[in-house]
Amino acid sequence: IIQNTKKELNDYFMGKLKKFNIPLYLTGTVFQKNTWNKLLLIPYAETKSYYEQAMAVGNERAYRPVANANASNTLAIIIPCHRVINKNHKLGGYASGLNRKKWLLEHELKNK
């Protein structure tokens, strides 16, 4: 699994991989796992707002819990929390820093 993960991450950063195929074992609350599974549905080089993600998990007012679940995502990039932005199209937050979030989004757009 480690070798496959390294290969897929390398392919992602080379612009060759659009969707990760490694098996995932998620540990977290039911809400966190539901939120992370919804992140996996956001297509490569596209974004959704925290509000849209809250609606996807079944509670349009849960945008803050969605943001907190995203921040707890230990498989960033593989589970693409960088694809969630503010409703006003600003980047919002990112546990690894906004400069990395911006880079990841630009990387995906460039390699679409």
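Apart from its neighbours within four places in sequence, Gln 32 is in contact (heavy atoms within 4.5 Å) with Ala 69 and Ser 72. The structure is a predicted model, in which local features need pLDDT of at least 70 and side-chain atom pairs count only at pLDDT 80 or more, whereas totals for chains, interfaces and linings use all residues. Residues are numbered from 1 along each chain as its sequence is written, and side-chain values use heavy atoms, with hydrogens and water left out.

Gln 32 lies in helix H2, which spans residues 30-39; helices (H or I, at least four residues) and strands (E, at least two) are DSSP runs, numbered from the N terminus. With a relative accessible area of 18%, Gln 32 is buried, a term that denotes under 20% relative accessible area, as against over 50% for exposed and the range in between for partly exposed (1.4 Å probe, protein chains only). The side chain of Gln 32 also reaches the backbone nitrogen of Thr 29 at 2.9 Å.

The buried residues of H2 are Gln 32, Thr 35, Trp 36 and Leu 39. They cover an arc of only 95° around the axis, taken from the directions from the helix axis to the C-beta atoms, and therefore lie on the same side of H2. In general, an α-helix has 3.6 residues a turn, so residues three or four places apart point the same way. The cover over the buried residues of H2 includes helix H3 (50-56), helix H4 (63-71) and strand S2 (84-85).

H2 and H4 pack at an angle of about 80°, with their axes 9 Å apart, where axes are lines fitted to C-alpha atoms over the stretch in contact and angles run from 0 to 180 degrees between N-to-C directions. The two helices, H2 and H4, are therefore roughly perpendicular to each other, the class that covers angles of 65 to 115 degrees. From H2, Phe 31, Gln 32, Thr 35, Trp 36 and Leu 39 meet Pro 65, Val 66, Ala 69 and Asn 70 of H4. By class, this contact of H2 with H4 has 6 nonpolar, 3 polar and no charged residues.

Two loop residues have a positive phi. Ala 45, in the loop between H2 and strand S1 (48-49), has a phi near 65° and is buried, with a relative accessible area of 12%. Ile 77, in the loop between H4 and S2, has a phi near 80° and likewise counts as buried, at 15% relative accessibility. Most residues other than glycine have a negative phi.

Definitions and conventions. Polar contact = N/O pair within 3.5 Å; in protein donor to acceptor, adjacent residues only side chain to side chain. Parallel < 35°, antiparallel > 145°, perpendicular 65-115°, else oblique. Nonpolar A, V, L, I, M, F, W, Y, C, P; charged D, E, K, R; others polar.
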